[in-house]
Amino acid sequence: MYTKNNDQSASLFREIEEGIFVLRKENESNDSQMVTQEIKQNFIQFHFCDKGAVTFVFHSGNYSMLLKEMESLLLYNPKEILPLQVRLAPGTTLFSIFITIGRFHSLFLGESGIIDFLSPMRQHEKYYTLVGISPQLFIILHQIRTMHLPASLYSLYLRAKIYELLSLYFNKGQETETEACPFLSSEENVQKIRQAKELLLRHMTSPPSLQELSEEVGLPLKKLKSGFKQIYGESVYGFLFDYKMELARKWLTTEQYNVNELSLKLGYSMPSHFIAAFKKKFGTTPKKYVLTKNTQ
């Protein structure tokens, strides 16, 4: 498998173990971005878009498929090579897993009754399915993106999260997971929670109070707090903190802003407050973080 990514610096493509590859891509620009990847014929593809939109292009542009926010796509065709050619809209995040059919069989040996395309009747047929990303899957995707560990530990962490992601993806009871939380079974409530997240990020330098957020989206405060944690895996302000620190890390890496400028852009009244927050999240100061990155 060879990468042909036109924006390699902004993506992460790697083999995490024999027969399993992952591709991470975040389009932080204001323009659409293309990503292409040669893939051998014996790979099953899993694509997860938890933000933005991804357009998959097939057969030299003669056919396309849209993967919208909070949707996932499984692709498998034992008779035809399916190279990856996708267009990411601005602000899109994509996480993809590529696993050989042999490795997949070894992981799910004896589960053909659960996994439809592994059944003897269908194992030689092409297969694709488009389904929504459940709150449980979203939490795993968010953790993969935001967890910061030394490289050796992160590799182990990533393998564990991919196994968790696949097991929940194929869990027969996944479709009824939201029934355990009746509040989330309402698409209207879920949309209100997502609206609350967008409002929070839009006003991150001076975020609304929980009560103001509750009134703005039309949800009782208790439901806002519990629903937000169900979907995003964190409290409202815990999510905002992680988001701001992730932005800070990326901006420091690209050297777009210095510490004083970052403090203002992220809503900190004093640089010392920003430095303390950054150290709390990453275990080092912004200055030391930049020095470490520059020596790698």
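Predicted model: local features only at pLDDT ≥ 70, side-chain atom pairs only at ≥ 80, totals over all residues.
Gly283 is found in the loop that runs between α9 (271–282) and α10 (286–295).

The C-alpha atom of Gly283 is 9.9 Å from that of His148, although 135 residues separate the two along the chain.

## Nonpolar surface patch

Met147, Leu149 and Leu153 make up a nonpolar patch on the surface. Together these three residues have about 240 Å² of accessible area.

## Aromatic pairs

The structure contains 17 aromatic pairs. One of them joins Phe21 and Phe43, whose ring centres are 5.8 Å apart and whose planes meet at 65 degrees. The pair is edge-to-face because its plane angle is over 60 degrees. Phe21 sits in strand β3 (residues 20–26) and Phe43 in strand β5 (residues 43–51), so this contact ties together parts that lie 22 residues apart in sequence. Both Phe21 and Phe43 are buried.

Phe46 and Phe170 form another pair, with ring centres 5.8 Å apart and planes at 85 degrees, so this pair is also edge-to-face. Phe46 is in strand β5, while Phe170 is in the loop between α3 and α4 (187–202); the pair therefore ties together parts that are 124 residues apart in sequence. Phe46 is buried at a relative accessible area of 1%. Phe170 is buried too, at 13%, because the class takes in values under 20%.

## Aromatic cluster

Ring pairs connect Phe46, Phe48, Phe104, Tyr169 and Phe170 into a cluster. The cluster thus includes Phe46 and Phe170, the two residues of the edge-to-face pair with planes at 85 degrees.

## Charges over rings

Two lysine–ring contacts can be described. The charged end of Lys265 sits over the ring of Trp251, at 5.5 Å from the ring centre. Lys280 has its charged end over the ring of Phe241, and the distance to the ring centre is 5.6 Å.

Conventions
Residues numbered from 1 in each chain as written. Heavy atoms only, no water. Patch = residues over 30% accessible without salt bridge, like charges linked within 9 Å, V, L, I, M, F, W, Y side chains within 5 Å. Areas by Shrake-Rupley, 256 points an atom, 1.4 Å probe, with all protein chains shown as cover. Salt bridge = Lys/Arg side-chain N within 4 Å of Asp/Glu carboxyl O. Phe/Tyr/Trp six-rings, centres within 6.5 Å; stacked < 30°, edge-to-face > 60°. Helix = DSSP H or I, 4+ residues; strand = E, 2+ residues; numbered from the N terminus. Buried < 20%, exposed > 50% of the residue type's maximum accessible area, 1.4 Å probe, protein only. Lys NZ or Arg CZ within 6 Å of the ring centre and 35° of its normal.
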